[in-house]
Amino acid sequence: MTTADLALHGSPHAPPRGLMRWLTTTNHKDIGTMYLVFSLVMFFVGGAMILLVRAELFQPGMQMMQPELFNQLIGVHALVMIFMALMPAATGFANWMIPLMIGAPDMALPRLNNWSFWLLPPAAALLLMPFALALFGVGSGAIATGWTFYAPLSVQDGMGLDFAILAIHLLGISSVMGSINIVVTVFNLRAPGMTFMKLPLFVWGWLITAFMLIAVIPVLAGAVTMLLTDRHFGTHFFNAAGGGDPILFQHLFWFFGHPEVYIVLFPVWGLTPHILSAFARKPVYGYRAQVYAFWVIGILSVIVWGHHIMTSGMSTGALLYFMYSTMSISLPLSVLFFCWIATIWRGAMTFEAPMLFALGMIVLFGIGGLTGLVLADAAADAQYHHSYFVVAHFHYTLFAGGIMGIMAGVYFWLPKMTGHMIDEILAKWHFWLTAIAFNLTFLPQFFVGLAGMPRRVPDYALQFAEFNMLSSIGAFVLGAAQLLFLIVVVKCIRGGPPAPAKVWEGAEGLEWTVPSPPPHHTFQTRPVIGE
Amino acid sequence: MSETEQGYYVPDSSPYPALLAGGMFVLALGFALQINDEPVGRWFMIAAAALIGYVLFGWFGSVIAENQAGRFLRWEDRSFRWGMAWFIASEVMFFAAFFGTLFYLRNISVPELGETQLIWPGYRGTWPTSGPAGQPFTPMAAWGIPALNTLILLSSAVSVTWAHWGLLKQRRAQLIGGLALTIALGCLFLGFQAYEYHHAYTEMGLNLGAGVYGATFFMLTGFHGLHVTIGAIGLAAVLGRAIKGHFTPDNHFGFEGVAWYWHFVDVVWLMLFVFVYWM
Ligand code: HEM
Ligand SMILES: [Cu+2]
């Protein structure tokens with residue numbers, strides 16, 4: 001090998017500047033940043049949509065929009081939040097932190113990594129474009145079936161549904177490629193001495209997430225492909241006239257859909273112990289137990305999907321099976337909760353913003369999990385299904401468990417990424433406003449749900465008026481509070497007190513040994529992990 | 001250099017991934033417009049196909065060039081191997097969705113429709129079926145062309161392994177001959193498949209719209225055929241590289257990746273033969 005080659009091996013050429021840098025980058029930190037920024041933007045897009053919905057629901061009666069648009073906003077909100085806000089945020093963290101945590105020079109397949117990211121903006125464009133096309137008289141707007149694509153409604157829906165199917169395909173390819181990259185990185189690029197049972201829990205959480213994604217995203221791809229052929233190429237997969245069955249679609253969707261809820265949460269469950277241990281100044285409690293719990297939940301996640309369709313009609317045996325298997329997931333999940341609490345138990349705790357968000361996440365996500373247990377009861381679910389109770393439940397899991405956990409991560413790691421400390425005071429305001437407004441928004445939804453208000457309706461009976469008004473007020477405060485988040489993030493990127501390598505006193509791990517911000521290329525020579 | 005090599009090869013910035021994403025966007029957009037009777041979609045699709053083709057040549061070309069320049073060592077090679085293995089795992093799940101559909105329809109939805117005498121009295125929920133409201137058709141028999149195709153694909157698995165032995169033992173003629181034979185068998189398979197489709201459409205009344213039998217038949221065999229096509233293109237690329245002398249006994253991931261894919265496609269076919277054609 002020539003010397004020129006050797007030089008290239010170690011230090012790549014200076015990257016291009018400006019937009020081209022971002023379009024062509026192969027650097028895990030650049031790509032991680034793009035994921036995080038994209039996620040932040042889409043978080044506000046999805047949020048704006050649902051504020052329109054909450055405005056419509058402020059009072060009974062039809063105020064501002066046609067039911068068609070209302071349905072479109074709800075479905076697109078959900079797809080945007082899950083696929084374009086939560087998942088990319090978690091992937092952004094994976095890109096940034098996994099190489100730093102395991103002592104790798106980059107992700108294993110850097111160009112693939114760039115491709116995974118750049119599939120996301122086109123997917124977003126495809127999903128949202130039908131809104132714009134409708135303004136020019138092409139088509140009838142975006143997907144109007146909700147995010148679940150249920151047949152036969154989805155077979156009859158307008159062209160927005162085709163756009164959504166193709167967006168799902170791009171998102172799916174992006175997720176699968178991103179997951180492959182993460183698995184390969186963890187398998188192959190760990191520093192010497194970084195054995196599997198020394199992997200930071202965040203890495204473990206993501207590893208299982210990646211396995212789940214590789215297992216279930218292709219099934220979703222298959223399901224929406226069949227939907228596409230039912231719509232345009234004359235097949236009868238979901239049509240009884242040809243021997244098909246609409247319920248088949250529900251099975252396929254939820255075979256993906258239930259693991260999906262863990263997919264968006266495992267990264268958070270992985271990062272939570274890091275934060276708890278840092279701010280309680282104690283080592284993580286029950287490392288092994290948590291790793292095993294991850295495995296158990298990951299495996300159970302693919303065999304419980306039926307609890308979403310218990311009212312669609314299934315045999316009593318199947319009902320009982322799905323009920324008990326679903327409830328059994330709360331056992332490993334309680335192991336995680338127990339370990340989290342044991343980690344902070346009698347610790348020397350301080351309550352900086354990341355810790356506040358982590359603790360808030362635990363409490364509120366706990367409510368989400370408990371109400372899930374209620375829903376899993378096959379007899380009770382007949383009443384709760386498709387009511388606002390379900391909406392409240394999954395927002396306690398997805399917003400409190402997912403988004404608030406991600407925000408804990410942002411405040412925890414942003415100083416590492418930017419080299420600046422965050423504005424603690426604003427961040428604390430952000431936390432308290434978010435926590436209070438969140439409960440104001442979603443707690444009333446449990447009650448209207450129990451009282452019988454169905455979900456996905458633009459108008460409702462008079463007796464639900466007060467609770468809905470509270471909920472709408474909460475939603476607008478919640479939305480406004482997120483502007484604070486934006487301010488804290490932008491301020492931290494632009495300046496602030498310099499952050500040391502070890503940003504938080506109690507934080508442990510390889511990522512805290514490199515400077516803040518870390519150099520563009522870290523671990524050119526492999527660190528060796530001792531005991 | 002050996003495994004203890006310090007540096008991992010991190011490629012320079014590359015325009016190809018973002019271009020590929022852009023191409024796929026235009027393709028998806030064109031397709032969505034096309035199926036909604038907006039004929040401009042066709043032009044989008046053609047432009048996108050050209051762009052994607054260009055990118056694939058450029059991207060694979062640069063990876064191959066890097067490999068020939070000795071940038072990839074054992075460490076990088078292992079990444080490619082793991083990557084390909086997990087990619088195939090995801091493909092397995094893609095086919096699993098369609099097989100799951102087939103089993104569900106055969107064992108649950110069609111029998112249940114048969115029991116319900118309310119809407120179409122007299123409909124017997126037996127397989128194969130085009131459904132209560134479907135047209136009559138002739139199902140595909142297993143022991144004609146499909147059995148022959150099974151033989152062809154199984155032989156191609158042997159021939160690709162034979163080519164691999166040639167590579168390992170540095171017998172160039174065996175490598176090139178084995179690959180060429182494999183590609184030929186793959187094309188023969190596709191030819192028979194095309195004939196079978198034509199026959200089904202024109203003479204047997206068997207088409208995508210022929211109820212759930214037609215739908216599962218064409219989706220499963222169609223996606224399989226697509227994968228055979230991709231595999232054959234991959235084999236052709238590998239053949240070209242073999243002729244150029246790119247492969248050595250300890251550096252030939254490109255060959256193995258395609259060979260694994262080919263075996264995967266083979267196994268899917270066996271499943272197809274048993275569950276779609278035979279049983
Ligand atoms: C022990 C934990 C959990 C249990 C037992 C549980 C149970 C359930 C059940 C039975 C339903 C169906 C309710 C119905 O439609 O009638 C449901 C809905 C839902 N759950 Fe959970 N859940 C749990 C945790 C989670 C988590 C962690 C998430 C997300 C991160 C989540 C997200 C959702 C979503 C999005 C829906 C509604 C889907 C829809 O119909 O659109 N759940 N849950
Ligand atoms: Cu579920």
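Hi everyone, let me start in a loop: Arg456(A) lies between α16 (424-450) and α17 of chain A. What is the phi of Arg456(A), which is not a glycine? The value is positive, about 60°. Before I go on, please keep in mind that this is a predicted model, so everything I show you is computed from it.

While we are on the backbone, there are two cis peptide bonds I'd like to point out. In chain A, the bond from Ser516(A) to Pro517(A) is cis, and its omega is near -10°. To find that proline, go to the segment after α17 (465-494) of chain A, which is where Pro517(A) lies. In chain B, the bond from Trp127(B) to Pro128(B) is cis too, with omega near 0°. Pro128(B) has its place in the loop between α3 (74-115) and α4 (145-168) of chain B.

The model as a whole scores ipTM 0.96 and pTM 0.94. For chain A the mean pLDDT is 95, and 97% of the residues reach 70 or more. One stretch to keep an eye on is residues 1-12 of chain A, where the pLDDT is below 50. In the model, that stretch has 19 contacts beyond near neighbours in sequence. Chain B averages a pLDDT of 94, with 97% of its residues scoring at least 70.

Let's look at chain B by itself for a moment.

On to the part where the chains meet. Chain A brings 75 residues to the contact, and chain B brings 69. About 6000 Å² is buried between chain A and chain B, and carbon and sulfur atoms give 73% of that area. On the polar side, 14 residue pairs, both partners at pLDDT 80 or more, are in polar contact between the chains. How many salt bridges are counted between chain A and chain B? The count is one. Its partners are the side chains of Arg111(A) and Glu66(B), which meet at 2.8 Å, N to O.

Which elements of chain A give two or more residues to the side that touches chain B? They are α1 (3-10), α2 (18-24), α5 (110-118), α6 (120-135), α8 (159-188), α9 (201-232) and α10 (246-280) of chain A. The largest share of that side comes from α8(A), with 13 residues. Sorted by class, the side of chain A that touches chain B has 49 nonpolar, 20 polar and six charged residues.

Key
Residues numbered from 1 in each chain as written. Chains lettered and ligands numbered in written order. Heavy atoms only, no water. pLDDT = per-residue confidence, 0-100. Contact = heavy atoms within 4.5 Å. Buried area = accessible area lost by both parts, 1.4 Å probe. Salt bridge = Lys/Arg side-chain N within 4 Å of Asp/Glu carboxyl O. Polar contact = N/O pair within 3.5 Å; in protein donor to acceptor, adjacent residues only side chain to side chain. Helix = DSSP H or I, 4+ residues; strand = E, 2+ residues; numbered from the N terminus. Nonpolar A, V, L, I, M, F, W, Y, C, P; charged D, E, K, R; others polar.
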